[in-house]
Amino acid sequence: KEAPLEVHRLTGLKAAPKTMRGIRGLHAPLVGRDRELAMTGEAVAALGRGEGSVLAIVGEAGLGKSRLLAEVRALSPPNIRWAEVARSPTRAA
């Protein structure tokens with residue numbers, strides 16, 4: 001990055017979980033994301049072994065970032081605590 005990035009500290013959990021996206025009860029298989037699912041799943045498995053890390057999933061709107069995370073969360077061990085941060089990118093004037 002050419003300019004400094006603003007950093008935020010996680011201070012607590014959200015009082016109410018984010019609402020589910022999509023149509024409740026409708027589920028379709030994740031298609032064409034085997035590589036990304038494997039890489040993200042391995043990062044979560046490493047967390048389960050006590051190997052901490054930070055994982056950033058970045059991409060244009062509509063690419064399936066939220067869906068990928070939902071799939072990984074569903075497959076992750078129960079001892080993993082999740083903290084998600086979402087922020088719209090700032091654009092230079």
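R33, E36, M39, T40, L55, I57, V58, G59, L63, G64, K65 and L68 line the second largest pocket of this predicted model. Two helices, α1 (34-48) and α2 (65-75), each give two or more residues to that lining. The chain has 2 helices and 0 strands. Of its 93 residues, 11% are buried. Among contacts with a separation of 6 or more, 62% join residues 24 or more positions apart.

**The second largest pocket**
- The space in this pocket comes to about 210 Å³.
- Helix α1 supplies the largest share of the lining, with 3 residues.
- By residue type, the lining holds 6 nonpolar, 3 polar and 3 charged residues.

- R33 is one of the residues that line the pocket, and its place is in the segment before α1.
- R33 counts as partly exposed because its relative accessible area is 30%, between the 20% and 50% cut-offs.
- The R33 side chain reaches the backbone oxygen of L63 at 3.1 Å.
- L63 is also among the lining residues.
- R33 and L68 sit 35 residues apart along the chain, yet 8.0 Å separates their C-alpha atoms.

- T40 is buried because its relative accessibility, 6%, is under 20%.
- A polar atom of the T40 side chain lies 2.8 Å from the backbone oxygen of E36.
- Beyond its neighbours within four places in sequence, T40 is in contact with L55, I57, L68 and V72.

**L55, a lining residue in the loop**
- L55 lies in the loop between α1 and α2.
- L55 is partly exposed, with a relative accessible area of 46%.
- Setting aside residues up to four places away in sequence, L55 touches T40 and A43.

**The buried side of α2**
- Which residues of α2 are buried? They are L68, L69, E71 and V72.
- These residues lie on the same side of α2 because they cover an arc of only 160° around the axis.
- An α-helix has 3.6 residues a turn, so residues three or four places apart point the same way.
- What covers the buried residues of α2 includes α1.

**S76, after α2**
- S76 lies in the segment that follows α2.
- Is S76 buried or exposed? S76 is buried, because its relative accessible area is 15% and the cut-off is 20%.
- A polar atom of the S76 side chain lies 2.9 Å from the backbone oxygen of R73.
- Not counting residues up to four places away in sequence, S76 touches V44 and W82.

Technical notes
Residues are numbered from 1 along each chain as its sequence is written. This is a predicted model: local features need pLDDT of at least 70, side-chain atom pairs count only at pLDDT 80 or more; totals for chains, interfaces and linings use all residues. Side-chain values use heavy atoms; hydrogens and water are left out. On a 1 Å grid over the protein atoms alone, a cavity is a set of points where a 1.4 Å probe fits but cannot get out, and a pocket is an open set with protein on both sides within 12 Å along at least five of seven lines; lining residues have an atom within 4 Å of a point. Grid points are joined across faces, edges and corners, and a volume is the space filled by probe spheres set on the points. Helices (H or I, at least four residues) and strands (E, at least two) are DSSP runs, numbered from the N terminus. Ala, Val, Leu, Ile, Met, Phe, Trp, Tyr, Cys and Pro count as nonpolar, Asp, Glu, Lys and Arg as charged, and the others, Gly among them, as polar. Buried means under 20% relative accessible area, exposed over 50%, partly exposed in between (1.4 Å probe, protein chains only). The arc is that of the directions from the helix axis to the C-beta atoms. Contact means heavy atoms within 4.5 Å. A polar contact is a pair of N or O atoms within 3.5 Å; within protein, one must be able to donate a hydrogen and the other to accept it, and residues adjacent in sequence count only if both atoms are side-chain atoms.
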